[in-house]
Amino acid sequence: MKTTKQLQQDSNSRENQLQQKWYHQLKYLITGIVFGIVFVKAEIISWFRIQEMFRLQSFHMYGVIGSAVLTGMISVFLIKKFNIKAIGGEKTSIAPKKFSKGQIYGGLIFGFGWAITGACPGPLFAQIGTGAFAVAVTLLSAIFGTWIYGYFRKKLPH
């Protein structure tokens, strides 16, 4: 098994080999826009839907999250079973995850933040895109929190 550092070096090597023109990146912009539209139409960015979920008043968000987890499980299974390669032809490797108590703390902090703000990182941009500019405070807080984590990472339980 490769270490995280080796996987990162492999990734950096592939990125250097796959230097593309700027317009090749448009596919990611279009995918992001479509993804945002799906979030809006499915009401995943709705603060009220998120509050319903945390108050156990509606199945809507649990259904969305559950179907995403199921899709991810099936995708990983198929990638491993059929040795599916990336678009550029590179071998796909999925490193095994090791459990640590830091994941419990991180999950709790993430959940509290999600419940309080009504937003998690994915929908933040879609919420801002719909004109909910107050969410920019949440986005800046998420960026700041990520920076704080990076600064104290070596001192935190992993």
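Glu43 sits in the loop between α2 and α3. Helices here are DSSP runs of H or I with at least four residues, strands are runs of E with at least two, and both are numbered from the N terminus. The model is predicted: local features need pLDDT of at least 70, side-chain atom pairs count only at pLDDT 80 or more, and totals for chains, interfaces and linings use all residues. Residues are numbered from 1 along each chain as its sequence is written, and side-chain values use heavy atoms, with hydrogens and water left out.

Stay with Glu43. Its phi is near 65°, a positive value in a residue other than glycine. Most residues other than glycine have a negative phi. Glu43 has a relative accessible area of 36%, so it is partly exposed. Buried means under 20%, exposed means over 50%, and partly exposed lies in between, with a 1.4 Å probe and protein chains only.

Leu56 is in the loop between α3 and α4 (60–82). Its phi is near 55°, again positive in a residue other than glycine. Leu56 counts as exposed because its relative accessibility is 69%.

Helix α3 (residues 47–54) holds Gln51. Is Gln51 buried or exposed? Gln51 is buried, because its relative accessibility is 10%. Its side chain reaches the backbone oxygen of Ala115 at 2.7 Å.

Now the helix packing. The axes of α2 (residues 26–41) and α6 (residues 121–129) come within 9 Å and cross at roughly 85°. Axes are lines fitted to C-alpha atoms, for helices over the stretch in contact, and angles run from 0 to 180 degrees between N-to-C directions. The two helices are therefore roughly perpendicular to each other, a label for angles of 65 to 115 degrees. On the α2 side, the contact is made by Gly36, Phe39 and Val40. On the α6 side, Gly122, Pro123 and Ala126 make it. Contact means heavy atoms within 4.5 Å. By class, this contact has 4 nonpolar, 2 polar and no charged residues. Ala, Val, Leu, Ile, Met, Phe, Trp, Tyr, Cys and Pro count as nonpolar, Asp, Glu, Lys and Arg as charged, and the others, Gly among them, as polar.

Finally, the whole chain. The protein has 7 helices and 0 strands, in the order α-α-α-α-α-α-α. Of its 158 residues, 15% are buried. Among contacts with a separation of 6 or more, 41% join residues 24 or more positions apart.

Notes. Parallel < 35°, antiparallel > 145°, perpendicular 65-115°, else oblique. Polar contact = N/O pair within 3.5 Å; in protein donor to acceptor, adjacent residues only side chain to side chain.
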